[in-house]
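Have the sequence and the 3D view open side by side for this one.

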Amino acid sequence: MRRRVVITGMGVCAPNAIGLDAFTLAMKSGKSGVRFQSELKALEFVCQIAGKPELTDELLARYFTPLQLRGLSATGIMYGVMAGIDAWKDAQLPIAEKDKPDWDSGILFGSGTLGVDKFHEAIHLVDEKKVRRLGSTTVIQTMASGVSAYLGGILGCGNQVTTNSSACTTGTEGVLMGYERIAYGNAERMLVGSCSDSGPYVWAGFDAMRILPRYYNDNPEVASRPMSASASGFVPGSGAGALVLESLQSAMARGARIYAEVLGGAINSGGQRGEGTMTAPNSEAVQRCISQAVQNSGIDNDAIDVINGHLTATAKDALEIRNWSTALKRSGIDFPYINSFKSLFGHCLSAAGSIECVAAVLQFKELQVFGNINCEDLDPEITKIINDERIPQKTISHQPEIIAKASFGFGDVNACAIFKRYKD
Amino acid sequence: MNKETKYNKLKDIIKVYLPEDVSVDAITQDSNFISELNINSANLVDIILDVEDEFDIMLENADMDKMQTVKDALAIIDAKLESK
């Protein structure tokens, strides 16, 4: 018997806004967070634009002690801690007392590669034979679970504290892993989320793969073009999103505000078989993932009225739409509303799933479906499958009932989560 | 550099690493870094790096092992400065 799980807090550190209120406004109004990055130009990247949260020293000082900030250069930890603490506070949960961990609260905070800038500093010192000058935080800033470790100590969580990593699926997978832990009675609350570092050392590999847009260095805000005929690659992004998942029982007992219910979902892989490869999805696996998510949630295909896709702005967007359509057996005007938030802040890689889950769930509260930007020239391969009205170009009024959110990643991995409007 | 200046410089270094519930006033010559000032043992490594930078000296692993109290640290700094 699975217990019911709800979302009671959210936090976000995104390229187009930091903090939930600013982010809500940015998502409603279609504010872009894609900007020219002089650092990438100096290093002669082909793609010199990216989505990067705009941090200030003043902002960091609100989340970290002066000691924690000494030598802190892991941007993923900065973003993750900010989003995580915000989500915890948003849920009005207390920080554990000095000598008493909260045994019923855990953390599952994912990363792709963490502390790359710290690693860069360390590599230089090591090569100069100055190992002894590394200081004490090289390990904790570069271990994959560094972000969960920082959050675990700040909040005092005494349940499972861990990190998942599954490329661009990480954030959505984390929501489902945290959901299961609560549903099966192993925790009352799980802070789930994910982060992705910023900077040239993270994005270089994608630039080298020639999968980033080349012609928008002077016009960054229109570069990320999911579902458009002119989509020419994804814009690299970074940041973090966080959600507090809680048993319905615990949320009710403390009178918490509930954003939505997590009904369930599915996680799978195409095994890099069939058309699936290290970097390309196996459509059969994607369709199975979506169908299994629907079944696992105990709903019908028709119950979904809004989809937030993975939709990165590559030639694969049309294939993704076809996979949704085949899996849900819905097309044309009967297809749910669909949006891709990557048009606003790029592809935040391991942080994409969590930032997009936060945005997707905000739509319940705002009674809106957030608009897509940069797809005024919809890909005809997409409009052959679904009606163009189902792809809002501006934010529209609509009370979402059930939102499906999927993320896909390198390694041919997939995750699909199903969220439901919570009614008292 | 007189003793007072050295001591104050060292105190400035140490205070960054104090846990929130230990005040700067708690630092005395006899304070043990770990057992009395409650400084995280991992941070001793950082204190040593800061001392090296501030006094332009280099400490050996054996010096680190000997550095239990504030007084120990001052003695090591004096010895290193003299042998420069």
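Here is a quick tour of the domains, helices, cores and a few single residues.

This is a predicted model, so local features need pLDDT of at least 70 and side-chain atom pairs count only at pLDDT 80 or more, while totals for chains, interfaces and linings use all residues. Residues are numbered from 1 along each chain as its sequence is written, and chains are lettered from A and ligands numbered from 1 in the order in which they are written.

**Domains of chain A**

- Chain A splits into domain 1 (5-253) and domain 2 (264-343 + 368-420), with bounds that come from an automatic or database domain assignment.
- Taken over C-alpha atoms, the centres of domain 1 and domain 2 of chain A are 24 Å apart.
- Where they meet, 25 residues of domain 1 of chain A are in contact with 36 residues of domain 2 of chain A; contact here is C-beta atoms, placed from the backbone, within 7 Å.
- On the domain 1 side, helix 1 (20-29) and helix 9 (170-183) of chain A are the elements that give two or more residues. Helices (H or I, at least four residues) and strands (E, at least two) are DSSP runs, numbered from the N terminus.
- Helix 9 of chain A gives the most to that side, with 5 residues.
- By class, the domain 1 side has 12 nonpolar, 10 polar and 3 charged residues. Ala, Val, Leu, Ile, Met, Phe, Trp, Tyr, Cys and Pro count as nonpolar, Asp, Glu, Lys and Arg as charged, and the others, Gly among them, as polar.

**Helix 9 meets helix 15**

- Helix 9 of chain A also packs with helix 15 (residues 352-366) of chain A, at an angle of about 65 degrees and with the axes 5 Å apart. Axes are lines fitted to C-alpha atoms, for helices over the stretch in contact, and angles run from 0 to 180 degrees between N-to-C directions.
- That makes helix 9 and helix 15 of chain A roughly perpendicular to each other, a label for angles of 65 to 115 degrees.
- Helix 9 of chain A brings T170(A), G171(A), T172(A), E173(A), G174(A) and V175(A) to the contact, and helix 15 of chain A brings A352(A), G353(A), S354(A), I355(A) and C357(A).
- The tally for this contact is 4 nonpolar, 6 polar and 1 charged.

**Helix 8 of chain A**

- Helix 8 (residues 146-155) of chain A is mostly covered, with 7 of its 10 residues buried. Buried means 20 or more other C-beta atoms within 10 Å of a residue's own, exposed means 12 or fewer, and partly exposed is in between, with C-beta atoms placed from the backbone.
- The buried ones are G146(A), V147(A), S148(A), Y150(A), L151(A), G152(A) and L155(A).
- They pack against several elements of chain A, including helix 5 (75-90), strand 5 (105-111) and strand 7 (189-196).
- Just after helix 8 of chain A, G156(A) takes a positive phi of about 75 degrees.

**Nonpolar cores**

- The largest nonpolar core has 129 residues, and L243(A) and V361(A) have the most contacts inside it. Such a core is a set of buried Ala, Val, Leu, Ile, Met, Phe, Trp, Tyr and Cys residues joined through C-beta atoms within 7 Å.
- At least three residues of this core come from each of domain 1 and domain 2 of chain A.
- Leaving aside neighbours within four places in sequence, V361(A) is in contact with I7(A), M10(A), Y259(A), A260(A) and F419(A).
- M10(A) sits in strand 1 (residues 5-14) of chain A and counts as buried, with 27 C-beta neighbours inside 10 Å.
- A second, separate core of 14 residues includes I47(B), I48(B), M67(B) and V70(B).

**Chain B and its contact with chain A**

- 6 residues of chain A are in contact with 7 residues of chain B.
- The chain A side of that contact divides into 2 nonpolar, 2 polar and 2 charged.
- I77(B), in helix 4 (residues 70-82) of chain B, is buried, with 23 other C-beta atoms within 10 Å.

**Positive phi away from glycine**

- E44(A) has a phi near 60 degrees and counts as exposed, with 8 C-beta neighbours inside 10 Å.
- Q272(A) has a positive phi of about 50 degrees and is partly exposed, with 17 other C-beta atoms within 10 Å.

Conventions
Contact = placed C-beta atoms within 7 Å. Parallel < 35°, antiparallel > 145°, perpendicular 65-115°, else oblique.
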